[in-house]
Amino acid sequence: MATELSTLATEGLKEKLQEVRCQIDSWRKTRISLQHVPKPIWEAAVELARIGGINPVASVLGLNYYRLKRKVEASQRAVTESKAVSFVELQVTPAASSLECTAELTDRRGATMRLRLVGAGTAELVALVQAFWQAHQ
């Protein structure tokens, strides 16, 4: 454990790894057989793996590399999905409201809606865009 910790960059990371390792050791001593690793321990391990890498963290903590890798990937997907676009500003001048407008909307799953509006107002465009995003969330 000491040699693996020395390869990790920061003292703060080393201290956090040691804290989580103590939590795991304590849990292992008191657990009932075949009991799953508690969620708070996995969450701490995932955060440490993002900083120090999956293999070093799994090795120091005595966790399964592939399980930790899956949990890190799942948490990254959740972060990516939470950063999806929730607001798009459309700037339309009053003179442009009678002109032709074309827009294409694509959600993260690939569903696409193309709009071609001629002479429609801003309210109609906003209503169509809102309906599309609500249907594809």
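Helices, of at least four residues, and strands, of at least two, are DSSP runs numbered from the N terminus. With that convention, the chain of this predicted model reads α-α-α-α-α-β-β-α along the sequence, which comes to six helices and two strands.

**The whole chain.** Begin with all 137 residues displayed and colour them by accessibility: buried residues make up 25% of the chain. Of the contacts between residues at least 6 apart in sequence, 44% join residues at least 24 apart.

**The largest nonpolar core.** Next, select L17, V57, L61 and L68, the residues with the most contacts inside the largest nonpolar core, a set of 20 residues. The largest share, six residues, comes from α3.

**The second core.** Move to L105, L115, L117 and V129, which are among the seven residues of a second, separate core.

**α2 against α4.** Return to α2 and α4 and show their side chains. L17, V20, R21, I24 and R28 in α2 meet V57, S59, V60 and L61 in α4. The axes of these two helices are 9 Å apart and form an angle of about 45°; α2 and α4 are therefore oblique to each other.

**α3 against α4.** The angle between α3 and α4 is about 135°, and their axes lie 7 Å apart. The pair α3 and α4 is therefore oblique as well, because angles over 145 degrees would be needed to count as roughly antiparallel.

**A lysine over a tryptophan.** Select W42 and K71 together. K71 lies over the face of W42, at 5.1 Å from the ring centre.

**The aromatic pair.** Finally, select Y65 and Y66. A search of the whole structure finds one aromatic pair, and these two tyrosines form it: their ring centres are 5.0 Å apart and their planes stand at 85°, so the pair is edge-to-face. The cut-off for that class is an angle over 60 degrees. How exposed are the two partners, Y65 and Y66? Y65 has a relative accessibility of 29% and so counts as partly exposed, whereas Y66, at 56%, counts as exposed. The limit that places Y66 in the exposed class is 50% relative accessible area.

Terms used
Residues numbered from 1 in each chain as written. Predicted model: local features only at pLDDT ≥ 70, side-chain atom pairs only at ≥ 80, totals over all residues. Heavy atoms only, no water. Core = buried A, V, L, I, M, F, W, Y, C linked by side-chain atoms within 4.5 Å. Buried < 20%, exposed > 50% of the residue type's maximum accessible area, 1.4 Å probe, protein only. Phe/Tyr/Trp six-rings, centres within 6.5 Å; stacked < 30°, edge-to-face > 60°. Lys NZ or Arg CZ within 6 Å of the ring centre and 35° of its normal. Axes fitted to C-alpha atoms, helices over the stretch in contact; angles between N-to-C directions. Parallel < 35°, antiparallel > 145°, perpendicular 65-115°, else oblique. Contact = heavy atoms within 4.5 Å.
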